[in-house]
Amino acid sequence: MSQFNLKKAKEFLMWILFPPCCPACGRSIARDEIFCPCCLKDYFPASSGDREWKQLPAGVNLYAAARYEGSMREAIHRFKFSGHAGSAAILAPLLVHALRENGVKPEEIQLLVPVPSRPKKVRARGYNQSALLAREVSRLTGIPFSETALLKTRDTRAQHDLNAEERQTNLSGSFRAEKAAVSGKHILLVDDILTTGATARECIGALKDAGASSVDILVLAVTQHETGYDGAANRV
Ligand SMILES: [Zn+2]
């Protein structure tokens, strides 16, 4: 059996043993589906105006798959709070699609960097959801991936009970990037959700301080306005 056929056979076996499930409701889905037909009706793709109030630095492109509503909101909840680590593999094609839709070619990006989580959260959850997503995007596109290029250097308070100004102060100086890993590179910062943009701004600052030539952001979901976000889903 050729290498190719062996890979296909292995994929088929995995599909039989672990049939893919809709990341929003858990129903079985076909191989080419991401959401089940029912949840697909409640899926809202992101639009170009969704970055408006995020106050991202000039020159930073935001690529987002969906709005933080309906099925995507459910999917992110299950992914983060119900131990559904396998959702990363199901949802990652949406991230790749968001890049393609914006005309981004994988060869234009030198490194995928996930937003680090608070160590306490990673220990409790068993994984950093953004790192799982970035790893899957790397597997699908061939863009290199590093989980250690950007680190959280101190623990911070949970963000969800803070206002926008307090969020920024809380995070100030809490990330550090490895110069050797990021210097001179076009970095794509990967996260599950973009809310106020406070975390992203801090990460971009740390990556730029370490010499990154440019940084763009890739997320599964963006919130439409600050009050539309429920704190329970917050990253930290
Ligand atoms: Zn579903």
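## G197 and its contacts

Setting aside neighbours within four places in sequence, G197 touches K54, Q55 and L56, where a contact means C-beta atoms, placed from the backbone, within 7 Å of each other. K54 sits 143 residues away in sequence, yet its C-alpha is 5.1 Å from that of G197. You'll find G197 in the loop between β5 and α9 (198-209); helices (H or I, at least four residues) and strands (E, at least two) are DSSP runs, numbered from the N terminus.

Why does G197 count as buried? G197 counts as buried because it has 23 C-beta neighbours inside 10 Å. The cut-offs are 20 or more other C-beta atoms within 10 Å for buried, 12 or fewer for exposed, and partly exposed in between, with C-beta atoms placed from the backbone.

## About the model

This is a predicted model, with local features needing pLDDT of at least 70 and side-chain atom pairs counting only at pLDDT 80 or more, while totals for chains, interfaces and linings use all residues. Residue numbers run from 1 along each chain as its sequence is written.

## Helix α6

Helix α6 covers residues 129-141, and its 13 residues reach 18 Å from first C-alpha to last, close to the 18 Å expected (1.5 Å times one less than the number of residues). Its buried residues are Q129, S130, A131, L132, L133, A134, E136, V137 and T141. Their cover includes α3 (70-81), α4 (87-101), β2 (111-114) and β5 (186-194).

Just past α6, G142 has a positive phi of about 85 degrees.

## The whole chain

The chain has nine helices and six strands, and 39% of its 236 residues are buried. Among contacts between residues at least 6 apart in sequence, 76% link residues at least 24 apart.

Technical notes: Contact = placed C-beta atoms within 7 Å.
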